[in-house]
Amino acid sequence: MPKVHIVDPKVERKARKIQIPDISLNRYRTKLEREIERYGKAAMLEILDDMLLIREFETMLNVIKVEGVYEGIEYDHKGPAHLSLGQEAAAVGQAFLLTIDDHILGSHRSHGEILAKGMSAIHKLDDDALTYIMENYMDGECLKNIEKHSSGSVKDLATDFLVYGALAEIFGRKAGFNRGLGGSMHAFFTPFGIFPNNAIVGGSADIAAGAALFKKVNRQSGIVIANIGDASMGCGPTWEAMNFAGMGQYSSLWDEEFRGGLPIIFNFMNNFYGMGGQTAGETMAYDVLARVGAGVNADAMHAERVDGYNPLAVVDAIRRKRKIIEDGSGPVLLETVTYRYSGHSPSDASSYRLKEEVSLWQEQDPIEWYAEELITLKLLTRKGLEKKREGIRDITARACRLAADVDISPRIEPEFIDTVMFSNQRREKMDDRKAEVLIPLEDNPRVQAIAKKSRAGIVDGKPVSKNKVVQYRDAIFEAVIHRFYEDPTMVAYGEENRDWGGAFACYRGLTEALPYHRLFNSPISEAAIVGTAVGYGLEGGRALVELMYCDFLGRAGDEVFNQLSKWQGMSGGLLEMPVVLRVSVGSKYGAQHSQDWTTLVNHIPGLKVVFPATPYDAKGMLNTALAGTDPVIFFESQRLYDIGELFEKEVPTGYYEVPFGPPAKRRDGADMTLITIGATLYRALEAADTLAEKHNINCDVFDCRSINPLDYDPLVESIRKTGRVVVSSDACERGSAAQMIAANLGQLAFDYLDAPPVVVGSRNWITPAAEIEESFFPQPEWIIDAIHERIVPLPGHTLSTNQTLGEMSRRNRDGV
């Protein structure tokens, strides 16, 4: 919506043609002698060494999986092993020029990329740097297991460290690079620039884009490479990520020093198969993957197909593409042609392809070809080649023997996982530099406007009108702008975040305060919004992102359920995830814009889930979220954006935090406990008023503003007093968070209950039109009817709904 961009009908309706740039295929023609002059003989031999290491490592895993024994070492590996036999040149060629400031993220088939990038780092770092990394990573635990069994130079020790750490991780060992909690498909080692690999096809695409965003926004050196398979081109998040990485605003709206697309290469490792589906010719529309770049931007993403069977061709491509990125012309699409000899996994018999096809590729094996080239140029003898193979077998066998020995390499105690699901740290800022803002805070027009409002919602016993009171949306704004002025890494983006001020006016006043690189509008790409936030957080930045409606969570399902929630745990506690996802819960907008999906995210381990219902809590809890290091799903009800503070004395002007966990007690009573989630609080209070006035039943009313974590002690203490409890929320009743709370209380407070806990939720329907919403969302009379039917008869009460147990059975029987 930037007003500087005029959409001119004269231009947009004009007849014309689009010119698509040429896309090169396998253009590399440089002789090996020229590369020796450029990089030196030693480097050319290191390329062979690294390919041989990957080949032997993957061969070892294959033999272990299929036969259970390698070089006399017996081991039953129960986990996965997606092997890259045949793809060694692609990995080594890519890593050759990369430094530890260049970060790679990969797929489920990334053992080779881990070893290649690791060896590239070992070749480049001096002994002191390598020693420091090994001694300080996980307090030296991985190093201690390998150093007594290693001999030779520091680089030899580092090689043993790399191979053992990766294999121990694959075998689920405590000394593995991620405490054994990442495993084969998720292993990483950030000190060498090896960032998380991903078991979800295409899962690294938007996360890598977020990592590149971090580098751009925070002026960090290096590039990011997303190593994803050819099949990932069929995944929506991959397309979203490529578009996000090349958004026009980078070149037209961001300040001059930030101009240009994100510093990222989307490297599609094209082995021609996704599981058993052949991509080109069967499951994809393209014939050549690289042509897809033409659909993203006018530069066709500088797309190119490179021969991944020639490591030097890949080196050349990375060198050229890096220059494009450093010139500010990213992103880049690279299709690296390669082939996997083994099946998708060792259990895959490759019945979907001919043995003759595999043989054709093996006849052109990249390691054998490259070794012959070196022998021809007298850089290597056949005896020297065999000696290299023997040495690498020794390295691999040593790592296998140590990783397979449970006495040397024990597994974690299962309860350790408890301690790494959340980092539970508090950080005012993720970097110590000064935050970049456009104006002093006190000069902000919205700050000045809020200063003229009443911070109390009730004055002299009367509610303050919504135009004169500090509203829920103002409280959100105050928490957000405070953190922006404190944390220089913090960025916020989503739909309509800039200029418009957010769809619900929470961000009005931010545009005047913040440069484009800290607050910007994203595409309507929910997967990319959340996925890039994950990558930004993994790199060490704080991201505040927004989904306009709760109903759009489904479009970011993998990113919320498998990425945002899991990386702290899968890292063994080595990574943090300072990401807050704001989600608004609608009403009045029908079946696809009015749903409360707190239950979905609450079910996923690794997420903190909150739903403040008051301005005081909205500001305090958002302050808590934005000072933390854990992923928080921050729900907000659109019903509440206009309200003032009705429970606390006022919304304080200064900074304060509301802790996650304890429910807020909104009213005292001795006869009944009412527990609510979200905006249902206010209807429960109406029900409590009626119960007190007409039936002399006084209620404890609790607001479960924090759904996970949730401290049940205050709720149990209330039930100890009242003996009766009703739980209500706007989520559909079946399987809801309200049901979870009621079920837990049925056990925790069993000895004190005079009747089973009762749940009053929305009907298990689609959300109907606004005109009949009251028949869908819980109303005060529903709560009273449920109490009358299921807890205690209310003399003189006239039912307005059917809340009987028979009706409950009928609804479940009919699935509604």
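User: How many nonpolar, polar and charged residues are in the lining of the largest cavity?

Analyst: This is a predicted model, in which local features need pLDDT of at least 70 and side-chain atom pairs count only at pLDDT 80 or more, while totals for chains, interfaces and linings use all residues. Residues are numbered from 1 along each chain as its sequence is written, and side-chain values use heavy atoms, with hydrogens and water left out. Rolling a probe the size of a water molecule over the atoms shows where empty space is left. A cavity is a set of points, on a 1 Å grid over the protein atoms alone, where a 1.4 Å probe fits but cannot get out; lining residues have an atom within 4 Å of a point. Here the lining of the largest cavity holds three nonpolar, five polar and three charged residues. Ala, Val, Leu, Ile, Met, Phe, Trp, Tyr, Cys and Pro count as nonpolar, Asp, Glu, Lys and Arg as charged, and the others as polar.

User: What is the volume of the largest cavity, and which residues line it?

Analyst: A volume is the space filled by probe spheres set on the grid points, joined across faces, edges and corners. The largest cavity has about 60 Å³, and its lining includes Val 585, Phe 611, Arg 639 and Asp 730. The structure holds three cavities of 30 Å³ or more.

User: Which element gives the largest share of the lining of the second largest cavity?

Analyst: Strand β16 does, with three residues. The second largest cavity has about 40 Å³ of space, and Phe 504, Glu 546 and Tyr 641 are among the residues around it.

User: Which residues lie nearest the centre of the largest pocket?

Analyst: A pocket is an open set of points with protein on both sides within 12 Å along at least five of seven lines. Of the 20 residues lining the largest pocket, Asp 49, Met 119, Asp 156, Thr 159 and Ile 395 lie nearest its centre. The elements giving two or more residues to this lining are α3, α5, α8 and α15. Helix α15 gives the most, with seven. By class, the lining has five nonpolar, six polar and nine charged residues, and the pocket's volume is about 410 Å³.

User: How many residues are in the largest nonpolar core?

Analyst: In soluble globular proteins, nonpolar side chains tend to be buried together. A nonpolar core is a set of buried Ala, Val, Leu, Ile, Met, Phe, Trp, Tyr and Cys residues joined through side-chain atoms within 4.5 Å; buried means under 20% relative accessible area, with a 1.4 Å probe and protein chains only. The largest core has 98 residues, and Met 44 and Phe 192 have the most contacts (heavy atoms within 4.5 Å) inside it. Helix α3 (a DSSP run of H or I, at least four residues) gives the most to this core, with 14 residues.

How values were computed:
Buried means under 20% relative accessible area, exposed over 50%, partly exposed in between (1.4 Å probe, protein chains only).
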